[in-house]
Amino acid sequence: MQNTIPALARQLGLTLHPCADWTEFIRFARRNTYLADESGHLLALDLHAQGAAVLDLSACDLRELRWLSVCETEGLTGLLLPASMPELVHLDASRCALTELELPEDAFSRQFTGDMPRTVPSLYLQKNKLHTVRFRGACRGLELVDLSENELVGLLIPSGFDLLRYLYLRKNKLTELRFEGNLPVLEVLHLAENQLEELPPNLKDIYTLETLYLHGNPLSSLPREVIASGERDNSRDSVFAFYEGERKSEGRLIPLLEAKMVLVGNGEVGKSSIRVKLLDENAPLPDKDDRTPALEIAPYPVERLVEKETGLSEEIDFHLNIWDFGGQGRYREIQQFFCSRKSLYLFVTATDDKPGKDDYVNFEYWLSMVNAFGYDEDSARHCPVLFVMNKMDLVRDGKLPKGADHIRETDVYEQFPNIQNFLKISCSPLENFENLKAEIRKNLKEISPDIFTNKYPEHWMAVKARLDAMKPKVGAAAVTGEASGNYMTYEAYEKMCLDKPFELNPNEAKQWLVILDRIGSVIYLEKHPLLSHWVILNPNWIKESIVKAVDSKDIIRGILTENLFKYIWPENTDKERKIFISLMLAYKLCFERKDRFGHTEYVLPGLLPEERPALDDFLAKPAFHLKLAYEPFIPPGTVNKLIVNLQTRQQEGRHGLPDEKHDLTRPMSVTVYNDLMWKNNLIVHATGTDTYAHIHERWEDKSVYLDLYGQQVPKELVAHLSDMLEQEATALKEARYMVKLGFEAWGKNEKHKTDWERLKYIPNFFTAPIQHDSSMKKTKIFVSYAHSDGEGFKEKLGHHLSALRNQDIIADWNDRNITAGEWDEQIEEAMEDADIFLLLITPGFLNSRYITSKELTTAYQKYKDGVAKIFPVICDFCDWEFQPVTDKDTEVHPVLKKSMKIWLGKFQPFPKDGTPIVDREKWQSENQAFKNVVDSLKKEVL
């Protein structure tokens with residue numbers, strides 16, 4: 001060490017500081033430090049030489065060195081290590097600019113025995129510019145290698161890495177990865193975002209592997225559906241199941257040769273006519289009044305595809321399923337479920353399809369939806385689209401009808417480059433149909449690079465053939481129950497797979513089912529607690545059931561009750577109806593709640609009334625406007641999904657989200673206010689504040705709008721709502737393989753009449769709180785109410801207290817102000833601070849054990865001590881006067897002449913004379929009664 005440290009100091013131009021022991025070296029993580037043993041041998045080095053391009057350690061004696069760190073030395077392009085480093089167990093050269101590195105032959109050669117430093121033998125080289133890493137030796141003791149975010153094109157892991165458990169290679173340029181020997185204990189292999197066409201052949205022999213990330217690799221040697229879609233989705237089970245299936249099938253893989261052709265567009269443009277004529281040119285056209293009921297599916301064989309159409313040497317037949325769904329506006333929220341990647345899309349418009357027609361939306365909406373839901377992230381391409389102009393027979397003298405000439409091909413191409421061709425046809429009389437058929441054949445290869453080569457093990461494909469054979473044929477008579485072929489239990493599916501001739505093991509059976517769900521052949525919701533027991537063999541059966549609910553005349557104001565099931569789905573069994581409603585819940589098309597009688601009901605936000613209900617006066621003029629502008633597309637029903645999420649959380653007693661993302665000072669509890677929901681609209685309340693928000697969606701504007709009401713809008717409210725919308729967008733992206741979906745916030749301050757302004761961080765948009773006279777002491781009010789009554793009385797009282805609150809005359813508190821933590825302690829603290837107790841008296845209040853044993857007794861004790869007042873607010877009819885407020889103190893009742901525990905009737909009630917707020921003979925409205933309460937309260941606080 002005598003020569004090493006001074007030489008390093010001269011080379012780096014800095015001073016190196018000694019550490020006393022391993023604890024000081026590691027715990028305090030100081031840079032440019034070293035640790036030596038009693039003999040002077042270097043044990044650890046932490047070097048940070050900013051400005052040094054090359055760090056040459058090759059002449060240093062580092063044979064005893066165990067720990068070397070040069071991380072975050074941004075300009076370091078070269079690191080030269082000595083020929084021998086037999087004791088090395090930790091090397092961190094991450095976040096530098098290294099281009100190549102060679103490890104000594106004996107580095108990481110010893111197995112870690114638990115002595116200092118206490119670390120997993122690790123090699124950290126992430127976030128460099130490495131194009132070459134050479135392991136000269138076996139590194140038999142190395143347990144972790146991180147080479148993520150470099151520029152490696154190829155990598156060889158030599159034999160002898162017997163203890164390697166974690167190998168991270170994310171975000172390189174790998175086209176080749178080889179394992180020269182076995183990796184007998186490897187647990188995690190991270191290969192996402194590389195250029196690998198195939199995996200190391202001996203990977204299938206690493207049975208210890210638990211996690212395999214493959215997202216973003218072309219991997220032509222595996223069907224894409226075998227690879228989990230999300231960046232953090234584990235592909236281990238599906239890949240190893242595929243290998244097992246391949247082994248059992250003795251390498252015989254069968255091409256799928258199947259895809260969807262989806263017809264999209266407005267109603268009455270002739271989509272159904274095109275479907276009919278593609279299947280049979282001599283078939284009569286559908287009747288004009290016979291509009292497609294949301295969805296029709298029909299098989300369309302494409303025969304004798306030749307080499308120029310497929311790139312294959314032999315002719316093949318291909319199977320297209322035509323999916324034709326209705327363009328009516330009421331189906332808009334469920335249309336997205338019919339779109340998928342690996343599909344050919346026909347966007348159909350017509351010469352008489354123009355603004356002003358019922359349910360008309362422009363081509364940008366349809367093509368944006370196709371691009372959003374039809375993006376194949378694995379191949380980084382949008383699904384191909386044929387733009388079809390129908391009803392050309394209406395054209396006279398080569399001129400389109402007035403209003404139908406608004407579509408310019410050059411503009412459409414520029415906006416949607418995945419459009420393959422523009423076609424002008426007519427179904428009656430039949431014109432240019434041969435050209436349409438030729439374009440369909442020609443563009444099959446554009447669906448996906450592997451559309452003709454996607455192959456699965458023979459045994460697996462035999463299972464799919466059996467499942468397909470079980471499905472009801474198109475036009476077959478309806479059959480109910482498990483004999484219908486529409487569904488089966490998971491147990492029956494697994495047993496079928498285990499039996500001859502298939503003999504798939506349970507893992508193979510599970511993974512093949514997951515893949516069939518990704519393909520769209522079946523529906524299997526593996527992670528759903530109720531639906532994971534069922535395999536939906538016929539996806540159209542489910543979609544038809546949802547359409548029946550959407551079309552039902554029995555569902556009034558969006559409320560679906562269980563007694564309506566038999567009218568909406570009359571031909572189905574109770575078991576099947578439960579499957580339907582469970583799927584609607586899973587797809588977030590509805591939420592479950594209890595009605596006032598305790599009966600279960602389901603609310604479908606998409607079927608809520610369109611008319612705006614009467615709103616309270618304080619919701620007349622918002623203080624702020626926010627607009628969340630979505631790109632590239634806003635899924636219809638985004639606000640309806642928000643309604644479902646908010647109501648579901650409310651039913652589960654979860655009102656808030658963690659605020660770690662925005663570093664907010666308190667969590668925010670947000671609830672739907674007074675059940676104010678209508679189609680694509682809702683009103684929410686930030687509990688414990690006077691702040692409300694009207695949230696509404698304009699899908700044609702690709703935006704969600706938030707109108708905010710209140711003197712001081714808490715930033716937590718907007719952060720909470722934007723987080724919920726962002727979570728929904730993220731979930732949609734991951735589920736639908738979408739490359740991009742998000743929103744940009746714009747704001748407008750109504751108070752100061754500002755224009756729309758783009759916002760980088762939403763909460764900063766709001767003005768600072770209004771300053772008040774700090775000499776005015778607030779009267780602290782504790783509001784006690786029964787949860788069993790809901791929050792109606794408490795909410796309305798809060799509204800009427802707004803003026804006093806905004807003048808900082810009062811500060812009111814109820815248990816919805818509780819933040820995360822010990823709720824009981826927070827309630828006790830709030831009661832201890834209270835100057836006035838307002839008791840919202842109802843039968844439920846009197847029946848609440850917590851209120852009568854805790855809150856009333858505390859209020860009485862403070863009253864007795866002369867530091868608080870008690871005012872019962874009589875909300876509903878009940879015998880409240882005799883309710884005891886203490887278990888200790890007694891008094892003779894002046895009328896009954898009997899000793900009683902101090903009773904609630906001793907205290908002055910609000911409103912006047914203790915007349916219940918709900919008494920319509922006394923009060924014209926509840927607002928009049930609450931105003932009387934506030935007028936009485938003013939006399940106590942002013």
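Okay, hi everyone. Some ground rules before we look. Because the model is predicted, local features need pLDDT of at least 70 and side-chain atom pairs count only at pLDDT 80 or more, while totals for chains, interfaces and linings use all residues. Residues are numbered from 1 along each chain as its sequence is written, and side-chain values use heavy atoms, with hydrogens and water left out.

So, the whole chain. The protein chain has 23 helices and 46 strands; here helices (H or I, at least four residues) and strands (E, at least two) are DSSP runs, numbered from the N terminus. Of its 942 residues, 54% are buried. Buried means under 20% relative accessible area, exposed means over 50%, and partly exposed is in between, using a 1.4 Å probe and protein chains only. Then contacts, meaning heavy atoms within 4.5 Å: among those between residues at least 6 apart in sequence, 59% join residues at least 24 apart.

Now let's zoom in on a sheet. In what order do its seven strands come? The order is E35-E36-E37-E38-E34-E39-E40, in an open sheet with antiparallel pairing. Two strands pair if DSSP finds at least two bridges between them. The edges are E35 and strand E40 (757-759), each pairing on one side only. From one strand to the next, the twist averages 25°. For angles, axes are lines fitted to C-alpha atoms, for helices over the stretch in contact, and the angles run from 0 to 180 degrees between N-to-C directions.

Let's stop at strand E38. Seven of the seven residues of E38 (residues 703-709) are buried, so this strand is largely enclosed by the rest of the structure. In a regular strand the side chains alternate between the two faces of the sheet. In E38 both faces are covered: Ser703, Tyr705, Asp707 and Tyr709 are buried on one side, and Val704, Leu706 and Leu708 on the other.

And the neighbours? Lys627, meanwhile, stands opposite Tyr705 in E38.

Next, what packs on this sheet? Helix H16 does, touching E34, E35, strand E36 (681-686), E37 and E38, and its direction makes about 130° with that of E35. Eleven of the 14 residues of H16 are buried, so this helix is largely enclosed by the rest of the structure. Among those buried residues are Leu642, Ile643 and Leu646. There's also helix H18 (residues 792-800), which lies across E35, E36 and E37 at about 95° to E35.

Most residues other than glycine have a negative phi, and most peptide bonds are trans. Asp675, in strand E35 (residues 670-678), has a positive phi near 60°. Is Asp675 buried or partly exposed? At 41% relative accessibility, Asp675 counts as partly exposed. Lys127 also has a positive phi, about 60°.

As for peptide bonds, the one from Ser428 to Pro429 is cis, with omega near 0°. Another cis bond joins Lys500 and Pro501, with omega about 5°; Pro501 is in the loop between helix H11 (490-498) and helix H12 (506-519). That's my tour, thanks!
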